[in-house]
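This briefing looks at selected residues of one protein model and at the contacts between aromatic rings. Please keep the sequence and the structure in view while reading.

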Amino acid sequence: MLPATFKLCAGISYRHLRNMTGLQKTAVVAINHELKRFAGPGPSNWISQVRRKSSLLSSRIEEKPYSEVEMSYVKQGEEALQKSISILSDQDNWKTEIVAANGDKVLSKVLPDIGKVFKLEVVLDQYPDRLYGELVDNMEQMGDWNPNVKQVKILQRIGQDTMVTHEMAAETAGNIVGPRDFVSVRCAKRRGSTCFLAGMSTRYTGMPEQKGFIRAENGPTCIVLRPNAEDPTKTKFTWLLSIDLKGWLPKTIINQVLSQTQMDFAQHLRDRMETIALPC
């Protein structure tokens, strides 16, 4: 079972909602509205089941007031989640980029105002709880098992669900794409057996651009973990990826690099989970 700090409450009472700031109310209303639209019939029925149990925003807003800067990070995280849910709810016009022999696949589509986004869909032989723990609780250890990542550092935590991170990505093979880094706000949510980790680029005064790295931008991005319908001991893993690598790179190279990065990540994650499951 994951630490209690990542568990969501059953709901937000009217009295608690009444005491929220205007910004907090806006975030609640916006995402609940998006969930209603997302919960329609079709391939997205799994989100309906999550919503019937309780709102995705059922994480209790802490009594300790946030500063204006902290609330801006919270709002950005909720915005990334809202946009990601909207994109993933639309099943139309996705095109296949890569399909592996084991069934792993990367799809893509072009969206107005965002550009090309990629979606990784795989099934992993792990419970969602274990994957969520590794990707959220052990986030800073990602550089130990993913060769595409040099370092992930949590710069600041805001409440239970929001954090600001700095990620340093390694150069690709042959240095086709040089080292990039990202400053991101992340929003981690968990409800029942379904988990979300959304994010988007942000600004953080304590992390200026780093020498030797191009500051790239990402978002909206989101990882969704839910039990596989055919075998609940396995996880349906979906990763929405939207990145602007900056620099002068041909689109064909960008598309190839991002698609392969997602496929590689799935295999590195499998290897990681198998390694930590081995007895000492």
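**Aromatic rings and selected residues**

Phe265 is buried, with a relative accessible area of 6%. The model in which this residue is found is a predicted one.

- Tyr73 and Tyr204 form a tilted aromatic pair, with 6.3 Å from centre to centre and 35° between the planes.
- This pair links distant parts of the chain, since Tyr73 belongs to helix H4 and Tyr204 to the loop between strand S7 (194–201) and strand S8 (214–215), 131 residues apart.
- Tyr73 has a relative accessible area of 6% and is therefore buried, because buried means under 20%.
- Tyr204, at 21% relative accessibility, counts as partly exposed.

**The pair of Trp145 and Phe265**

- A tilted aromatic pair is formed by Trp145 and Phe265, whose ring centres are 5.7 Å apart and whose planes are at 50° to each other.
- Trp145 lies in helix H6 (residues 142–145) and Phe265 in helix H7 (residues 251–277), so this pair ties together parts that are 120 residues apart in sequence.
- Trp145 counts as buried, at 12% relative accessibility.
- Trp145 and Phe265 also belong to one aromatic cluster, together with Phe237 and Trp239.

**A lysine over a ring**

- Lys119 lies over the face of Trp94, at 4.3 Å from the centre of the ring.

**Lys75 in helix H4**

- Lys75 is placed in helix H4, which covers residues 68–89.
- The relative accessible area of Lys75 is 42%, so this residue is partly exposed; the partly exposed class lies between the 20% limit for buried and the 50% limit for exposed.
- Between Lys75 and Val185 there are 110 residues of separation in sequence, and their C-alpha atoms are 9.7 Å apart in space.

**Thr221 in strand S10**

- Thr221 is placed in strand S10, which covers residues 221–227.
- Thr221 counts as buried, because its relative accessibility is 13%.
- When neighbours within four places in sequence are left aside, Thr221 is in contact with Ser84, Leu197, Ala198, Gly199, Leu240, Leu241 and Ser242.

Key
Residues are numbered from 1 along each chain as its sequence is written. This is a predicted model: local features need pLDDT of at least 70, side-chain atom pairs count only at pLDDT 80 or more; totals for chains, interfaces and linings use all residues. Side-chain values use heavy atoms; hydrogens and water are left out. Helices (H or I, at least four residues) and strands (E, at least two) are DSSP runs, numbered from the N terminus. Buried means under 20% relative accessible area, exposed over 50%, partly exposed in between (1.4 Å probe, protein chains only). Contact means heavy atoms within 4.5 Å. Rings of Phe, Tyr and Trp (its six-membered ring) pair if their centres lie within 6.5 Å; planes under 30 degrees apart count as stacked, over 60 as edge-to-face and the rest as tilted. A charge sits over a ring if NZ of Lys or CZ of Arg is within 6 Å of the ring centre and within 35 degrees of the ring normal.
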